[in-house]
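The following paragraphs lead a new reader through the model shown below. Please keep the sequence and the structure in view while reading.

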Amino acid sequence: MTQTNTEQNTRPGRTYAPKVDILETDSGLRLWAEMPGVDEKSIEVELVDGVLSIRGRVATEEYANLEPLYTEYGVGNFETRFRLANTIDGEHIHAKLQNGVLELELPKVAAAKPRRIEIAG
Amino acid sequence: MALFTFRRELDPVNALFRLQSELERVFENPRGLDLGLSGRGVHPPVNLFREGSDVVIRIEVPGFASEDLSIESRGQTLSVSGKRSQEPAAEGAYHRRERFAGEFSRSIQLPRDVDASQAVATAKHGVLTVRVPARAEAKPRQIAVNAQ
């Protein structure tokens, strides 16, 4: 799984790359992307031509009346892309969003799963 | 006991980050919600706002449920801590590990005109919001002008 960062953004506003964990197990990949402030309705996960796109929109309206005093993080949308290996079964990707963390389960196709081969004695 | 007091304005690295964020603020897309970062590099990041006479604190705590967070006020200091109960995966190998794992604790010094003991906190979609209302005596008060 490689990250594709070559495209430029055409949407207005700031975009941040979410912090990501990727774990590979025998059965597939698990991916967690931190998107604080994003709810279920404002998230898009898309797989097109082997590229997995994750987009999340943060409601900046909530900041309309707030006057910043001290700031350590910027507020904006989240976006990232990954090119998936062809060992991933794109039909069975499972997504869940909880407490601002998107969790994806990307199972491997059966042919890519490790198989123990018995040696005849 | 701390041997010395950390002073943000004396730290050269932070000064560079401040300069960088100032430059970013000047040159980057002005249409986004640009707050102009005052500091960074501490976890979890905190934003402090004023709304009218109240102070509003927003902290990014993705992955933390409301029961994983605790907030304590003592005088004008607000302490926020979090502990995630999630166990690390036993099998498999990480290709990438950027997320913060474990416990955190941060203290925030509040302005004198707000009452930390009246703070109200809500956690939503991985963002903790703490609203600290102004002290009654700090709120603007209309004084009626009586006709003689």
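**A guided reading of the two chains**

Read along its sequence, chain A follows the pattern β-β-β-β-β-β-β-β-β-β. In other words, chain A holds zero helices and ten strands, where helices (H or I, at least four residues) and strands (E, at least two) are DSSP runs numbered from the N terminus. The model is a predicted one, in which local features need pLDDT of at least 70 and side-chain atom pairs count only at pLDDT 80 or more, while totals for chains, interfaces and linings use all residues. Residues are numbered from 1 along each chain as its sequence is written, and chains are lettered from A and ligands numbered from 1 in the order in which they are written.

Of the 121 residues of chain A, 30% count as buried; a residue is buried if 20 or more other C-beta atoms lie within 10 Å of its own, exposed if 12 or fewer, and partly exposed in between, with C-beta atoms placed from the backbone. Among the contacts in chain A with a separation of 6 or more, 60% join residues 24 or more positions apart. Here two residues are in contact if their C-beta atoms, placed from the backbone, lie within 7 Å.

As to confidence, the model scores ipTM 0.82 and pTM 0.75. Chain B has a mean pLDDT of 82, and 78% of its residues reach 70 or more; pLDDT is the predictor's confidence in each residue, from 0 to 100.

Chain B contains an open sheet of three strands in the order 3-4-6, with antiparallel pairing. Strand 3 (69–74) and strand 6 (103–109) of chain B stand at the edges with a single partner strand each, so one side of each is left without a neighbour in the sheet. Strands pair if DSSP finds at least two bridges between them; strand 3 and strand 4 (residues 77–83) of chain B pair in the antiparallel sense over six bridges.

Not counting residues up to four places away in sequence, B:Leu78 touches several residues, including B:Ile71, B:Ser107, B:Ala116 and B:Val130. By contrast, the C-alpha atoms of B:Leu78 and B:Glu91, 13 residues apart along the chain, are separated by 39 Å.
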